[in-house]
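This report walks through one predicted model. Please keep the sequence and the structure in view while reading.

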Amino acid sequence: MTGRLRAFGAFWWDFVVGDDPLIALSVVVALCVTALLVAAGISAWWVLPLVAVGALATSVWRAASRRP
C-alpha cells in the first residue's frame, strides 16, 4: 500500500511541478494574489495571464542561458 501511495504522490508531483518548479510556484502565487484581489473587490482577471506569460518567458530564458 505504501508503494502505491508513494507512486501516486510521485505522479502528481511530476504532473504539477514537472521540470520547472518555478512555474508551479508562480502559478500558486498568482492564484493567491488573484484570490486576495477579488476578496478586496478588485477585478483580477488579468493576473493569471500576466504571470503565465512572465513565467514562460523566464523559463525559456533560463533554459536558453544554460546552453553552451
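Ser59 sits in helix H3. Its relative accessibility is 16%, so Ser59 counts as buried, the cut-off for buried being under 20%. The side chain of Ser59 makes a polar contact with the side chain of Asp20, at 2.9 Å. Leaving out residues up to four places away in sequence, Ser59 touches Asp20 and Ile23.

## The salt bridge

How many salt bridges does a search of the whole structure find? The count is 1. Asp20 forms a salt bridge with Arg62, and the closest N and O atoms are 3.2 Å apart. This pair links distant parts of the chain: Asp20 is in the loop between H1 and H2, Arg62 is in helix H3, and 42 residues separate them. Side chains of opposite charge can pair when their charged atoms come close.

Are the two partners buried or exposed? Asp20 has a relative accessible area of 13%, so Asp20 is buried. Arg62 is at 25% relative accessibility and therefore counts as partly exposed.

## Helix H1 and its surface

Helix H1 covers residues 2–16. Its 15 residues should span 21 Å at 1.5 Å a residue, and the end C-alpha atoms are 21 Å apart, so the two values agree. H1 is hardly covered: of its 15 residues, the count that are buried is 0.

A nonpolar patch lies on the surface. Its members are Leu5, Phe8, Phe11, Trp12, Phe15 and Val16. Together they have about 690 Å² of accessible area. Val16 belongs to helix H1. Its relative accessible area is 54%, so Val16 is exposed, the cut-off for exposed being over 50%.

## From H1 to H2

Val17 is placed in the loop between H1 and H2. Its relative accessibility is 13%, so Val17 counts as buried. Val17 touches Trp12 and Ala24, with residues up to four places away in sequence not counted. Trp12 is also one of the residues in the nonpolar patch.

Gly18 follows H1. Its phi is positive, near 65°.

## Ser26 in helix H2

Helix H2 runs over residues 21–39 and contains Ser26. At 17% relative accessibility, Ser26 falls under the 20% cut-off and so counts as buried. Where does a polar atom of the Ser26 side chain find a backbone oxygen? The backbone oxygen of Ile23 lies 2.7 Å from that atom. Ile23 is also one of the residues touched by Ser59.

Neighbours within four places in sequence aside, Ser26 is in contact with Val51 and Ala55. An α-helix has 3.6 residues a turn, so residues three or four places apart point the same way.

## The loop from H2 to H3

Gly41 lies in the loop between H2 and helix H3, the latter spanning 47–66. Is Gly41 buried or exposed? Its relative accessibility is 66%, so Gly41 counts as exposed. The C-alpha atoms of Gly41 and Ala63 are separated by 38 Å, with the two residues 22 apart along the chain.

Note on methods. Residues are numbered from 1 along each chain as its sequence is written. This is a predicted model: local features need pLDDT of at least 70, side-chain atom pairs count only at pLDDT 80 or more; totals for chains, interfaces and linings use all residues. Side-chain values use heavy atoms; hydrogens and water are left out. Helices (H or I, at least four residues) and strands (E, at least two) are DSSP runs, numbered from the N terminus. Buried means under 20% relative accessible area, exposed over 50%, partly exposed in between (1.4 Å probe, protein chains only). A polar contact is a pair of N or O atoms within 3.5 Å; within protein, one must be able to donate a hydrogen and the other to accept it, and residues adjacent in sequence count only if both atoms are side-chain atoms. Contact means heavy atoms within 4.5 Å. Patches are made of residues with over 30% relative accessible area and no salt bridge: like charges are joined within 9 Å, nonpolar side chains (Val, Leu, Ile, Met, Phe, Trp, Tyr) within 5 Å. Accessible areas come from the Shrake-Rupley method with a 1.4 Å probe; for residues, only the protein chains shown count as cover. A salt bridge is a side-chain nitrogen of Lys or Arg within 4 Å of a carboxyl oxygen of Asp or Glu. The expected span of a helix is 1.5 Å times one less than its number of residues.
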